[in-house]
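Subject: Structure handover

Hello,

Here is the structure I promised to send over. Please open it first; my notes follow below.

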Amino acid sequence: QLSFSFGLLPSVLLTYIGQAAYLRTHMDMTISNAFFNSIPSTLFWPTFVLALLASVIGSQAMVSCAFATMSHLQTLSCFPRVKILHTSRRYSGQLYIPEVNFFLCVASCIVTISFRTTGFIAKAHEICVALVMVITTLLMTIVMLLVWKVNIWWIAAFFVVFMSTETVYLSAVLYKFTQGPYFPLAMSAVLMVIMIVWHYVHVKRYKYELQHTVSPDEVKHLLERHDLKRVPGLGLFYTELVQGIPPIFPHLIEKIPTVHSVIVFISVKHLPIPHVDVQERFLFRQVEPKESMVFRCVARYGYRDTLEMAGDFVATLVEYLQYYVRDLSLYCTAEPLRTSYPSIRIDSFRWEKKPSGRSGRSGHGHGIHAEEMLTPIQSFSELTMHQVGMSNRLPQFQTAKMNLEEMLRIEEDQKVIQREVDNGVVYILGETEVVAKPHSNLLKKIAVNYIFDFLRKNSRKGEKMLSIPRGQLLKVGITYEI
C-alpha cells in the first residue's frame, strides 16, 4: 500500500501528465512514440535501460501471478494435476510450476514470431488492462456492499464515476477488436472451458462415489464371501474419499475375488499449512469385522511436505498402523478417555518380572498397567485425537488394565501386519473413466466424453504424483456414468 500510494501512483501520474503536456506542445508528433520522444536526448539511453528493466519486472510479476493462480486452481480442483514446487520455507505463495513456466515460454515465442511487431502486442495488452479495471470496480462494489456495509449512495457514486470512465476505455479497445484484443480473450476462453469442464466432472465424480459408497454391512458381506481368497501381502488402496469405502472395491472383488491379507484405504490430503508432523500425519479407522484386517487412513501433508518414496511411506504408515491397533484395544473403554497416550512398539510387550506387586507375569489374574509400558513416541490414532478435541479440559491420567490374553492378541495382530508387509506391498489405483449418461444432452456429452477425457489422458498421472513404483502398481478400471 505504501509503495503503491507514494511510489508507483505518483510516478505513473507524472509520466502520463508529462506525455500529455508534450503532445499539446508538439501536436504534429506521432502518438505511438510519445514516451521516448518526450525524453531529453541526454536521458534517452538511461531511460531506455530503465524501461527494459521495468519490462523484465512486469514479466516476472505475470509469471508469479500465473503460478499463484494455478496453485489456487489445483486447490479448488479446477485444473488438471500439475507439479507444484514451494521455494520458500516461510511463505506459502512463493511457487514454481515447471509445466506453467514451459507453457508461458512457448506461448511467448509463438506470439512474438507470429505477430512480429509490438503494435499488435500492445493492442492485445490494452484489453487486459481495461478488463482488469472493470473487474476491479465490480469486485470493489461488491465488497463495499456486502463486507464494508458502506452507505448505498456512496457505493452508487463510486460505481457511476469509475465504471463510466472505464467503460469508455473498454469500448475504445473493443473498437479495434480484430487488431489484437481478440488474442487474450481467445486464450482466456480456452482456459475457462478447461476449468469449467474439469471442475464439473470432478465434482460429479466425487458425488457419484459418495452416493455409491459401500455400507459396512456390504463390506462385511464381501469380506465373508466363501469364494473370496486372501493372498499374502499388504494392499494400499488409494481413494479420494475421506470416509467410506469407494465403489471400486466391490468392483474389484466381483471381477477378481482375491484381496490381500491386510488392506488399507488411503486418502492423501494436502492442508494449507507448511508442515504436518509425522506423528500427526495419519488418521486411522478400522473397518468391521476386525478380523478382516481392513483399515481406512487419511494421510495429511502440508504444502512444504514432500511425499516420501514408496518404501519410506509404507514403513512410516505401518509403524503408526501398529500404534493404532494397540490404541484401539488398549484405550477403547466403556467411557471414552479424553486424552492422548504415548504409544509402544511391538517389542514393548516383552516385559520382565518386576519386584513390585503392581504387575508381572504370574498369571492371568494380574493386570498390566499401561503407564509401565510407555515410550516417548506419541500415538496419533483417530480414536485418541478425536477424544482430545471433545474437551479442552483433560482429566487425570486413567490407568488402563489388560489381561495377558489381550496383550498377546494385540502383539499377534501387530506381528501379522508386519509379516504381510514383508510378504509384499501392492499399490492399487482406480483407473476411473467418466462418461455422460446415454440420455444426456449434446453439450454434456462433448464436455465429458471428449474434452475431459482428453485432459485426463494428457495430465499428470496419479502414480507419478504419489511416487508409486510401476512394478508394484495395480490399476483397476471402472466406468462412472454421470
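**What I found**

The disulfide count is 0, a disulfide being a pair of cysteine sulfur atoms within 2.5 Å. Buried means under 20% relative accessible area, exposed over 50%, and partly exposed in between (1.4 Å probe, protein chains only).

A word on the source. This is a predicted model, in which local features need pLDDT of at least 70, side-chain atom pairs count only at pLDDT 80 or more, and totals for chains, interfaces and linings use all residues. Residues are numbered from 1 along each chain as its sequence is written, and side-chain values use heavy atoms, with hydrogens and water left out.

**Overall**

The protein chain has 14 helices and 10 strands. These are DSSP runs, numbered from the N terminus: helices are H or I with at least four residues, strands are E with at least two. Of the chain's 482 residues, 37% count as buried. The accessible surface comes to about 29500 Å², and carbon and sulfur atoms hold 63% of that. The areas come from the Shrake-Rupley method with a 1.4 Å probe; for residues, only the protein chains shown count as cover. Take the contacts (heavy atoms within 4.5 Å) between residues at least 6 apart in sequence: 77% of them join residues at least 24 apart.

**Annotated segments**

The unreviewed UniProt entry carries the annotation "transmembrane region" for residues 6-23, 43-70, 95-115, 127-146, 152-175 and 182-201. UniProt positions are in the numbering used here, feature names are shortened, and annotations may be inferred rather than shown by experiment. In the model, residues 152-175 are 96% helix and 0% strand, with end C-alpha atoms 33 Å apart. Residues 182-201 are 100% helix and 0% strand, and their end C-alpha atoms lie 29 Å apart.

**Glu166**

Glu166 sits in helix α6 (residues 152-174). Glu166 is buried yet has no salt bridge; Lys176, the nearest side chain of opposite charge, is 18 Å away. Here Lys and Arg count as positive, Asp and Glu as negative; His and the chain ends are not counted. Beyond neighbours within four places in sequence, Glu166 contacts Met133, Val134 and Thr137.

**Two loop residues**

Ser77 is not a glycine, yet its phi is positive, near 55°. Ser77 belongs to the loop between α3 (44-75) and β1 (85-86). Lys149 also has a positive phi, near 55°. Lys149 lies in the loop between α5 (118-146) and α6, and is exposed at 62% relative accessible area.

**Salt bridges**

The whole structure holds 8 salt bridges. The cut-off is a side-chain nitrogen of Lys or Arg within 4 Å of a carboxyl oxygen of Asp or Glu. Arg225 pairs with Asp227, with closest N and O atoms 2.7 Å apart. Arg225 is partly exposed at 24%, and Asp227 is partly exposed at 31%.

Glu431 forms a salt bridge with Lys475, at 3.6 Å between the closest N and O atoms. Glu431 lies in strand β9 (residues 425-435) and Lys475 in strand β10 (residues 473-481), so the pair ties together parts 44 residues apart in sequence.

Asp453 and Lys457 meet at 3.2 Å, N to O. They are 4 residues apart in helix α13 (residues 442-458), about one helical turn. Asp453 is buried at 15%, whereas Lys457 is exposed at 52%. Salt bridges with shared partners join Glu431, Asp453, Arg456, Lys457 and Lys475 into one network.

Best regards
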